[in-house]
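Subject: Structure for your review

Hello,

Please find the structure below, followed by notes on what turned up in it.

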Amino acid sequence: MCLAIPAKILRINGNSAEVDFGGVKREVKLDLVDAKEGDWVIVHTGYAIQTMSEEDAKETLRYFEEILKLEDDN
Amino acid sequence: MITEFRDRETAKKACDRIKEIAKNLDHAKIMHVCGTHEDTITRYGIRSLLPENVEVISGPGCPVCVTTGREIDEAIALADKGLTVTTFGDMLKVPGSENSLEGVKAKGGDVRVVYSITDAARIAAENPDTDVVHIAIGFETTAPSTAAELKTAPGNFSVLCCHRTIPNAMDLLLSSGDVKVNGFIDPGHVSAIIGLGPYRPLTEKFNVPQVIAGFEPLDVLFGILLILEMMENGKAEVKNEYSRVVKDEGNPRALEIMNEVFQPCDVRWRGFPIIPGSGLELKEEFSQYDARKKFNIKVEDRGEPAGCRCGDILKGLIRPDECPIFGKGCAPDKPVGPCMVSSEGACAIAYKFNKNA
Ligand code: SF4
């Protein structure tokens, strides 16, 4: 039940939204986040609990590379 | 966005780096406190990729598993009273002292599985003459949704509040000295709500490195790598590897809604004593939604099933295959403890992937 998965917001209707979990569509509540159509959110038991940033994901991958590069240089 | 976090080549390099650092360390015992981390670790066989002196153990991170036998008995008592009880599916088969919610349902009790508390409140709204009680379990990831729902819930709806908060349990675990933990992989989605702040006192008090990690294989491997690096440098900090979801301050809106509805309380966890301030109870203004008060249920604490080692699993003292009845007297179709029931439970995960977890 703890599972929380990313979904993309398709349409917002008031404090809920239709989201897409890789093909599966579902209604989720937006009470806990500030999000707009097209945003990625993390959904847990029917509620979006946080937005997800593509920019930060890329940043993390760059950070991983950097850590490993240090190793190569040693 | 996800496939890059499963890249084999990068994973291999990360493992090489882990092995390199591990050579300079005696033994590293790293604990995670999230059932979804256990799933990633076992699913991708991460333990088998690590050097012998790096051990990853699971802690009290499965919300179904840490729920006590007494709370299960309370849920059963509510269903036995003829009320409509809604629950997440993972709770259905967890044995109470004499029965399970599934057993009550088989005897004609009105126990319904829901995907979210919103579905439960909807059942109440559609059946105004019926009392509907939702078994509200879960950590900081789930508690905000309970809080948000209660702000607009109908009068015939209430919750059996079993929410718990993670950092206090980590503190108790380290204070007890039962298990020596060198580093924590902090739970990504609990952290999405609470941010980095609540973990810092732990690092200050116990000098223990922590990394908030996501749930893809690379997230976990880099979580381990960053902890080992801190151990090697003798530096303990709280790092955030999952910044694509976790902000320093967490989710202020969710925290505000939680604070509006809940206040901390002292509560026992399965396998643990009472952990001060580690539970959430409804504030006075919301007590009309408190099923314990509304239906005046009082059940005795009859402890946990004899022979079940779930408490030791949750404290990180044993692995599932070290429980004498794992896979024999206890299996998913005849579970003795909750760790074999919940999809987040260490025993169920070990059984499913047929690996020594
Ligand atoms: S194998 Fe069963 S009884 Fe043993 S610890 Fe796991 S869930 Fe509990």
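Asp39(B) and Arg43(B) sit four residues apart in helix 2 (residues 35-43) of chain B, about one turn of the helix; helices here are DSSP runs of H or I with at least four residues, strands are runs of E with at least two, and both are numbered from the N terminus. An α-helix has 3.6 residues a turn, so residues three or four places apart point the same way. Asp39(B) and Arg43(B) form a salt bridge, with 2.8 Å between the closest N and O atoms. The term means a side-chain nitrogen of Lys or Arg within 4 Å of a carboxyl oxygen of Asp or Glu. Asp39(B) is buried at 15% relative accessible area, while Arg43(B) is partly exposed at 40%. Buried stands for under 20% relative accessible area, exposed for over 50%, and partly exposed for what is in between (1.4 Å probe, protein chains only).

The model is predicted: local features need pLDDT of at least 70, side-chain atom pairs count only at pLDDT 80 or more, and totals for chains, interfaces and linings use all residues. Residues are numbered from 1 along each chain as its sequence is written, chains are lettered from A and ligands numbered from 1 in the order in which they are written, and side-chain values use heavy atoms, with hydrogens and water left out.

Other salt bridges

Over all chains, the whole structure holds 27 salt bridges. One of them pairs Asp34(A) with Arg253(B), with the closest N and O atoms 2.9 Å apart. Asp34(A) is in the loop between strand 3 (24-29) and strand 4 (40-44) of chain A, and Arg253(B) is in helix 13 (residues 252-261) of chain B, so this pair joins two chains. Asp34(A) is exposed at 65% relative accessibility; Arg253(B) is partly exposed at 32%.

Arg302(B) and Glu98(B) form another salt bridge, at 3.1 Å between the closest N and O atoms. This pair links distant parts of the chain, 204 residues apart: Arg302(B) is in the loop between helix 14 (291-294) and helix 15 (310-314) of chain B, and Glu98(B) in the loop between strand 3 (84-87) and helix 6 (101-106) of chain B. Arg302(B) is partly exposed, with 48% relative accessible area, and Glu98(B) is exposed, with 66%. Elsewhere, Glu55(A), Glu59(A) and Arg62(A) are joined into one network by salt bridges that share partners.

Chain A

Chain A has one helix and five strands, in the order β-β-β-β-β-α along the sequence. Its radius of gyration is 16 Å, whereas a compact globule of 74 residues would have one near 11 Å; the radius is taken over C-alpha atoms, and the globule rule is 2.2 Å times the number of residues to the power 0.38. The C-alpha trace of chain A spans about 55 × 25 × 25 Å along its principal axes. Of the 74 residues of chain A, 50% are buried.

Chain B

Helix 8 (residues 143-150) of chain B is mostly covered, with eight of its eight residues buried. Among them are Pro144(B), Glu149(B) and Leu150(B).

Phe206(B) belongs to helix 11 (residues 200-206) of chain B and is partly exposed at 26% relative accessible area.

Regards
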